[in-house]
Amino acid sequence: GSEQAFKLLGILDVQNIPCARESILYGSLGSLVVGLGHFLATSRVRRSFDFGMGGFVLTTLGCWIYCRYNHAKLRIQQRIIQEGMRNKILYESSDFDPERKQNSNRGSN
């Protein structure tokens, strides 16, 4: 029932995949705008429907790619920060820490 995640065409697990929900939302909006715009301009129902589907696919793909790109960029930045933190922790407790060497040299004078 409601516990099972909403799946688009039974393939995409929309709730758990980042960007999927936003992409489909914007895609639906895009298809509506393109389809309606074409219908108002030409009054052709079938052709407008095709344009609407094209608008949906293009908008969804565009949003998906843009969102995934930002997601990947964020993950890389987080990884760099985590590595930096890990190295700092490792160096502080070892002999490789430059601050520790300076302090020990001062103590021996």
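1. Helix packing. In this predicted model, helix H1 (residues 20–42) packs against H2 at an angle of about 150°, and the two axes lie 7 Å apart. The axes are lines fitted to C-alpha atoms, for helices over the stretch in contact, and angles run from 0 to 180 degrees between N-to-C directions. H1 and H2 are therefore roughly antiparallel to each other; the cut-offs are under 35 degrees for roughly parallel, over 145 for roughly antiparallel, 65 to 115 for roughly perpendicular, and oblique for the rest.

2. Handedness and composition of the contact. The crossing of H1 past H2 is right-handed, a term used when the near helix is turned clockwise from the far one by less than a right angle, left-handed being the anticlockwise case. Sorted by class, the contact of H1 with H2 holds 10 nonpolar, 13 polar and one charged residues. Here Ala, Val, Leu, Ile, Met, Phe, Trp, Tyr, Cys and Pro count as nonpolar, Asp, Glu, Lys and Arg as charged, and the others, Gly among them, as polar.

3. Basis of the values. Residues are numbered from 1 along each chain as its sequence is written, and side-chain values use heavy atoms, with hydrogens and water left out. As the model is predicted, local features need pLDDT of at least 70 and side-chain atom pairs count only at pLDDT 80 or more, while totals for chains, interfaces and linings use all residues.

4. Confidence. The mean pLDDT (the predictor's confidence in each residue, from 0 to 100) is 76 for the protein, with 69% of residues at 70 or more.

5. Overall content. The protein has three helices and two strands, in the order β-β-α-α-α along the sequence. Helices (H or I, at least four residues) and strands (E, at least two) are DSSP runs, numbered from the N terminus. Of the 109 residues, 17% count as buried; buried means under 20% relative accessible area, exposed over 50%, and partly exposed in between (1.4 Å probe, protein chains only). Among contacts (heavy atoms within 4.5 Å) with a separation of 6 or more, 46% come from residues 24 or more positions apart.

6. Serine 48 belongs to helix H2 and is buried, at a relative accessible area of 5%. Not counting residues up to four places away in sequence, serine 48 touches Gly35, His38, Phe39 and Thr42. Phenylalanine 49 also lies in H2, but is exposed at 53% relative accessible area.

7. Valine 34. Valine 34 sits in helix H1 and is partly exposed, with a relative accessible area of 32%. Leaving aside neighbours within four places in sequence, valine 34 contacts Phe51, Gly52 and Gly55. From valine 34 to phenylalanine 51, 17 residues apart along the chain, the C-alpha separation is 6.4 Å.

8. Serine 43. The loop between H1 and H2 contains serine 43. Phi of serine 43 is near 60°, a positive value in a residue other than glycine. Serine 43 counts as exposed, at 55% relative accessibility.
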